[in-house]
Structures are given as structure tokens and as C-alpha cells.
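Me: I would like to learn how to read the features of a structure like this one, step by step. Could you take me through them with the general idea ahead of each case?

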Amino acid sequence: MSTQDAVPSSPLKPTQSQPSLNNEAPPVRATQRPPIVYSSPTAFIKSVGVRFKSLWTRRFALAFLAGQLLSLCITCTNVTTTELVNRKWTLSTTQGFFLYFSLFLVYTPYTIYQYGFKGWGKVMLRDGWKYFILAACDVEANFLVIKASSLPSQAYQYTDLLSCMLLDAWAIPVCMFCSWFYMRTRYHWTQLLGVFVCIGGLGLLVGSDQLTQKGWDPVSRAKGDGFMIAGATLYGFTNATEEFLVRKRPLYEVLGQLGMWGFIINGIQSSALEWKAMTQVPWSGDIIGLLMAFTCAMLILYTLAPILYRLASSAYFNLSLLSSDFYGLLFGLFLYHYRPFWLYFISFVVIIAGLITYFWHSTPEEQGILNPQAPDYVQKRGAEAPSPGDEEAQSSSSPVDEKEKQ
């Protein structure tokens, strides 16, 4: 795995590893940040500046920008969902069907192109159960969160905005625990500090919403909070599981399988729960346009999220999404004529500070081993298997090699 190191003052030399016949990934190369000097105030300020400059490697900068782009995609999905509900289109389960079908349509044909129909079938038979669990948890996480936090115009509004924002942050510790369980990720105390800083920024958002009386009255807070906790737990599990998979397998395989199993599960669930409602909701041109915009934003999100998992981690992905409420405010200024509250801007700065603090000591390269490869049982396109002639030539040349060694 190629790594891009921060600018170290005394870099650690990586140990040379022998190549493996089993295509095993080399161990993660540890890097060392420039030290903080406490001998004098001037030296301290200078060393902090050097440390801050060392953070901005190409990999960290891409991860930071990708996280904010994904946060913006989340905001777009919230805006389009709001507009759909305002037009009396409230099929929350059916809304996700178009996303999974798009993932299947985009990535499965390319997987078949790379693996062949036989190889693709082997993936389904041998590893399909893993992707089925991933897709099922992802579908149900989306369903539970929407069920709990739908807009007031819907009949099944259970909890309020305060609970939605606070309980949704539960996905962060769940994701970190699952990442540790899968990949034995070691978290430095500065990473935990970055998490607390980001959650502190979320607290400022919650406080500003309470001060401006933004929200609604819950129908059943206990049931809604239960839905939110279950949904956030499934989100944390699916994010960490997907990171574990995309660090070992190609993106097109993971996303193609997620889309295929997702649209099957989602299609069965939506036909069972919303079949009658499908004939009652409007299907006008603006509804179809909003559905297309929602699907495009989600397709970009589901495509870029695994890339961010590789650049940084799934935990960093969840922390980046906390800034989506600020971008929602920007949309609201133009679409709904919101009046900005000053705490929104401070909370956004605090969340950004937390995202930087998260990698103040640790580096993105240390978050896990990155070695994506096709399964051993699949003959990938362009990778030719050794022919019998090659094997005979190799066996006939072996005695000569032994004599040369002697």
C-alpha cells in the first residue's frame, strides 16, 4: 500500500517486508508528527504551526474535502425529501428503491465485465451472505430513521428534532467500536478529543434550534427515540462493515452487491408496506424531477463514501456529516427564507476544528490496511492464468537454477 507521509521531523523508517505469495497487504507504516516544543512560548507557537502544516497532506486534504462534499449531499437529500413531502408524496421506503436500483445498474455490469458471469456468480454464492447482511442493515437503517424523524405533515411522526439530532450522533461511537472489532484500529486520545469537539459543535446546533424554537411536537417520543437509536446503531454498523469490505475488495464489487441486494430487499418491503399508497400519491413531473435529484445526490454519496473510508475512515465520515445542518441553513436562506442564528456559524467552526483535531496526532494511513483485490476464486479480466506450458518450463528450469545456486 502506498502511503503519503506527513512532514516529520524525525521520520520512522519502515521495515522492509518480503513479498507474499498470498497477496497479503504490508503492515501499515507508522509515521511521526513533528513534536510540540514547550521550552518557550515562541517555540511552542512555532511547533504548533509546523504540526498544523504537517496535517495537510494530499490524502488528508482530499478526505476533508470529500467529507464536506458528502455532507452537502446529505443536505440535498434532506431538501428534496422536504419538497416531496410538501407535495404530498410520502413514500419513504419506495424513495430508497431508486437509489439501490441505480447502484445495481451502474456497478453490477462493470463487476460482470471484470469477473465474468461465472466469477460474479461465485461472488454471490460464496460472499453473497455478507453483502445481504450489509444491504439489509442499510435498508432498515434508512427506514427506521425516516420513520422516526419524518416531517410533521406525515402521520407517523414519532420524535422531535432535538432527539433526532442527539441520537443520530450515536452512530459515531458504534462505528468506532465496530471498526476496532474488525480492524483493531487504535484510537489516540487526540482522536477521541476530536470526536468530543465535533459533538460539542452538534450541541451548539441543538441549542440554536431550541432557542429559535425550530422543531415540532412528537407523537410518541419513546417509540421515536427507539427508532432513532436502532437506526443510528445500524448506520454505525453498516459504515464500519462497508469500510472493512472496501479495504479488501474493489469498490465496484461492494457497491454492485450492495445495490443488488438492497433493491431486492427494499422492493419487497416497499411493495408490502406502500403498495396501496403508490396508487394514491401524485406522480407529476416535478415529483419525478425531485426523485431524480434525490437519487443522484444519494448515488454520489454512496459512491464517494467508500472512497472516504479508504482515504480516512468510516468514523471520520460520520463526523464529517455533522456539518450538514450548517449547509441546510444555507439552503434554507434561499428556499425557505430562514433567519440565521449566530450559533450556527460558531457550531460549524467547532465541527471543522474537531475534524482537524481528529488527525492531530494520528495519520489517515494508520487507520487500517488498504489492499483491495479481487477474490482468489475469481479470474479477473486481464489477469491470465498460468498455462500448462509455462508450468512445464518452470519445472524444467528449476534444476538449472539449483545448480546455479550451488
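Me: Which residue does the side chain of Asp127 meet in a salt bridge?

Reply: Side chains of opposite charge can pair when their charged atoms come close. In this predicted model, the side chain of Asp127 meets that of Lys130 in a salt bridge, with 3.5 Å from N to O. Asp127 and Lys130 both belong to helix H3, where they stand 3 residues apart, about one turn of the helix.

Me: Is Asp127 buried or exposed, and what about Lys130?

Reply: The relative accessibility of Asp127 is 7%, and because buried means under 20%, Asp127 counts as buried. Lys130, by contrast, has a relative accessible area of 33% and is therefore partly exposed.

Me: Which other residues are linked with Asp127 and Lys130 in a network of salt bridges?

Reply: The network also takes in Arg249 and Glu253. Glu253 forms a salt bridge with Arg249, and the closest N and O atoms of that pair are 2.7 Å apart. Both Glu253 and Arg249 are buried.

Me: How many salt bridges does a search of the whole structure find?

Reply: The search finds 6 salt bridges, and one of them joins the side chains of Asp286 and Arg87, at 2.9 Å from N to O. Asp286 lies in helix H10, whereas Arg87 lies in the loop between helix H2 (58–86) and helix H3 (92–149), so this pair ties together parts that are 199 residues apart in sequence. Asp286 counts as partly exposed because its relative accessibility is 38%, and Arg87 counts as partly exposed at 32%.

Me: Helix H10 has come up now, so where is Ile307 found, and which residue is 245 residues apart from Ile307 in sequence?

Reply: Ile307 is found in helix H10, which covers residues 285–311. With a relative accessibility of 34%, Ile307 counts as partly exposed. The residue you ask about is Leu62, and although 245 residues separate Ile307 and Leu62 in sequence, they are 9.9 Å apart in space, C-alpha to C-alpha.

Me: How should I read two helices that pack together, and at roughly what angle do the axes of H2 and H12 cross?

Reply: Two packed helices are described by the angle between their axes and the distance between the axes. For H2 and H12, the axes come within 8 Å and cross at roughly 50°, which makes H2 oblique to H12. The crossing in which H2 passes H12 is right-handed.

Me: Which residues of H2 and H12 meet there?

Reply: From H2 come Gln68, Ser71, Leu72, Ile74, Thr75, Cys76 and Val79, and they meet Ser324, Tyr327, Gly328, Phe331 and Leu335 in H12. Sorted by class, this contact of H2 with H12 has 7 nonpolar residues, 5 polar residues and no charged residues.

Me: At roughly what angle do the axes of helix H12 and helix H13 cross?

Reply: Helix H12 (residues 324–335) and helix H13 (residues 342–357) have axes that come within 9 Å and cross at roughly 140°. An angle has to be over 145 degrees to count as roughly antiparallel, so H12 is oblique to H13. This crossing of H12 and H13 is left-handed. On the H12 side the contact is made by Asp325, Phe326, Tyr327 and Leu329, and on the H13 side by Tyr344, Phe345 and Phe348. The residues of this contact of H12 with H13 divide into 6 nonpolar, no polar and 1 charged.

Me: Where is the place of Leu322, and is Leu322 buried or exposed?

Reply: Leu322 has its place in the loop between helix H11 (314–320) and H12, and at 10% relative accessibility Leu322 counts as buried. Leaving aside residues up to four places away in sequence, Leu322 touches Ile172, Cys198, Ile199, Leu202, Leu205 and Ile351. The C-alpha atoms of Leu322 and Ser71 are separated by 7.4 Å, while along the chain these two residues are 251 residues apart.

Me: To finish with the chain as a whole, how many helices and strands does the chain have?

Reply: The chain has 14 helices and 0 strands. Of its 406 residues, 46% count as buried. Among the contacts in the chain with a separation of 6 or more, 86% are accounted for by residues 24 or more positions apart.

Note on methods. Residues numbered from 1 in each chain as written. Predicted model: local features only at pLDDT ≥ 70, side-chain atom pairs only at ≥ 80, totals over all residues. Heavy atoms only, no water. Helix = DSSP H or I, 4+ residues; strand = E, 2+ residues; numbered from the N terminus. Buried < 20%, exposed > 50% of the residue type's maximum accessible area, 1.4 Å probe, protein only. Axes fitted to C-alpha atoms, helices over the stretch in contact; angles between N-to-C directions. Parallel < 35°, antiparallel > 145°, perpendicular 65-115°, else oblique. Left-handed = near helix turned anticlockwise from the far one by under 90°. Contact = heavy atoms within 4.5 Å. Nonpolar A, V, L, I, M, F, W, Y, C, P; charged D, E, K, R; others polar. Salt bridge = Lys/Arg side-chain N within 4 Å of Asp/Glu carboxyl O.
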